[in-house]
Amino acid sequence: MTNEKWGTNEIPSQKGKIVLITGATSGIGLEAAKVLSEKGARLILPMRNLEKGKNAVQEIKQRFPAAEVACLLMDISDFDSVREFAEKVKTEYTQLDLLLNNAGIMWPPQRFLSKQGHDMQFATNHLGHFLLTGLLLPLIKATPNSRVVTQSSVLHKKTQGQNFEPIIQFDDLSFSQNFDTKKAYAQSKLANLLFTYELDRRFKASHTQAIATASHPGYTATNLQKDAGFVMKIMNIVLAQKVNMGVLPILRAATAPDLKGAEFFGPTKMNELKGYPALVQSSETSYDPALAKKLWEVSEGLVSHKYEF
Ligand SMILES: NC(=O)c1ccc[n+]([C@@H]2O[C@H](COP(=O)([O-])OP(=O)(O)OC[C@H]3O[C@@H](n4cnc5c(N)ncnc54)[C@H](OP(=O)(O)O)[C@@H]3O)[C@@H](O)[C@H]2O)c1
């Protein structure tokens with residue numbers, strides 16, 4: 001755990017493993033898919049756009065021609081689509097070694113709502129993944145040493161350049177009043193961590209062998225910043241790290257062999273914006289078990305699915 005320059009050569013063989021990655025059409029998810037297929041994993045990649053999916057598969061196969069990839073349709077923000085996808089996965093597979101909850105959107109310029117009427121950042125980044133994990137729980141439970149990894153952000157907490165304390169706005173989770181796109185993103189990324197730590201507690205309480213871990217990629221130049229304005233476009237060139245570095249925290253959280261659950265990995269240089277991945281601390285709020293339990297119960301209600309451990 002003390003390795004200061006953890007890289008992809010540390011990843012053990014993933015042969016025989018089934019790995020599901022959301023958000024693998026671009027950025028960190030696509031890079032993670034390339035690396036894990038090179039290491040021998042079979043991939044399930046849900047995509048909301050099959051044309052983009054085909055391109056992603058092509059890119060993966062360019063890097064690793066023998067890659068085994070199943071590309072299926074799923075819009076993570078739409079609960080009907082998540083249900084349909086999860087049913088297919090449960091019919092076609094009997095194991096799930098790794099679930100990487102990675103798809104996300106950031107800072108849309110206006111408030112817009114998901115098919116079921118939730119703030120789009122909350123639905124995409126948190127609720128859809130909460131439902132997907134719950135629906136796939138039978139497979140996770142049936143697989144020895146299965147792992148669920150959820151991608152958060154340094155913006156789950158008050159940081160330089162984000163001058164507010166992120167909260168879970170239970171009285172208005174979808175920002176029907178006073179929409180603030182940065183607060184909505186921060187809420188969803190705080191939810192990712194509350195979810196991870198609560199999921200891990202519930203795995204342990206139910207003696208499920210699986211663990212839940214989390215990661216954040218610092219500041220990595222990807223399509224995520226497409227709505228973030230001109231200044232960020234420049235910052236993407238001069239400040240952000242490249243995706244081959246930004247992918248390392250999620251890969252470490254997903255594959256490091258000696259984890260116990262509830263670990264959080266991120267880069268360690270420049271206030272966690274760049275660098276090699278190591279264990280990092282998340283905000284005090286993210287470790288609050290009462291808040292996590294409340295969010296869990298509210299989320300179960302919103303997605304109409306009760307987890308069965
Ligand atoms: N890059 C960073 O600096 C940074 C920092 C902190 C956290 N993160 C987190 O890292 C994760 C990956 O982001 P990225 O930087 O790799 O950005 P990206 O290149 O924009 O990738 C986002 C992925 O999510 C998918 N996605 C978005 N909405 C979806 C939906 N409704 N249904 C299905 N897929 C959907 C996108 O698919 P389409 O191609 O169809 O849009 C794309 O594959 C996100 O959770 C993000 O919050 C990134």
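**Helix packing and the ligand shell in a predicted model**

The axes of helix 6 (residues 181-205) and helix 10 (residues 289-303) approach within 9 Å and cross at roughly 95°. Here axes are lines fitted to C-alpha atoms, for helices over the stretch in contact, and angles run from 0 to 180 degrees between N-to-C directions. Helix 6 is therefore roughly perpendicular to helix 10; angles of 65 to 115 degrees count as roughly perpendicular, those under 35 as roughly parallel, those over 145 as roughly antiparallel and the rest as oblique. On the side of helix 6, Ala191, Leu194, Tyr197, Glu198 and Arg201 meet Pro289, Leu291, Ala292, Lys293, Leu295 and Trp296 of helix 10, where contact requires C-beta atoms, placed from the backbone, to lie within 7 Å. By class, this contact has eight nonpolar, no polar and three charged residues. Ala, Val, Leu, Ile, Met, Phe, Trp, Tyr, Cys and Pro count as nonpolar, Asp, Glu, Lys and Arg as charged, and the others, Gly among them, as polar.

The structure is a predicted model, in which local features need pLDDT of at least 70 and side-chain atom pairs count only at pLDDT 80 or more, whereas totals for chains, interfaces and linings use all residues. Residues are numbered from 1 along each chain as its sequence is written.

The protein contains 10 helices and eight strands, taken as DSSP runs numbered from the N terminus (helices H or I, at least four residues; strands E, at least two). Its radius of gyration is 18 Å, close to the 19 Å that the globule rule gives for 309 residues, so the protein is as compact as a globular protein of that length. The radius is taken over C-alpha atoms, and the rule is 2.2 Å times the number of residues to the power 0.38. The C-alpha trace spans about 50 × 45 × 40 Å along its principal axes.

Helix 4 (120-135) also packs against helix 6, at an angle of about 20° and with the axes 7 Å apart. Helix 4 is thus roughly parallel to helix 6. The crossing is left-handed, meaning that the near helix is turned anticlockwise from the far one by less than a right angle; clockwise would be right-handed. Helix 4 contributes Gln121, Phe122, Asn125, His126, Phe130 and Thr133, and the residues of helix 6 include Ala184, Tyr185, Phe195 and Leu199. This contact has seven nonpolar, seven polar and one charged residues.

Helix 3 (residues 79-92) packs with helix 4 at about 25°, the axes being 10 Å apart, and the two helices are therefore roughly parallel. Their crossing is right-handed. Phe79, Val82, Arg83 and Ala86 of helix 3 face Gly128, Leu131, Leu132 and Leu135 of helix 4 in this contact, which has six nonpolar, one polar and one charged residues.

Around the ligand lie 30 residues, of which Gly23, Gly27, Gly104, Thr222 and Leu224 come nearest; a residue is near if its C-beta atom, placed from the backbone, lies within 6 Å. The shell has nine nonpolar, 18 polar and three charged residues.

Note on methods:
Two residues are in contact if their C-beta atoms, placed from the backbone, lie within 7 Å.
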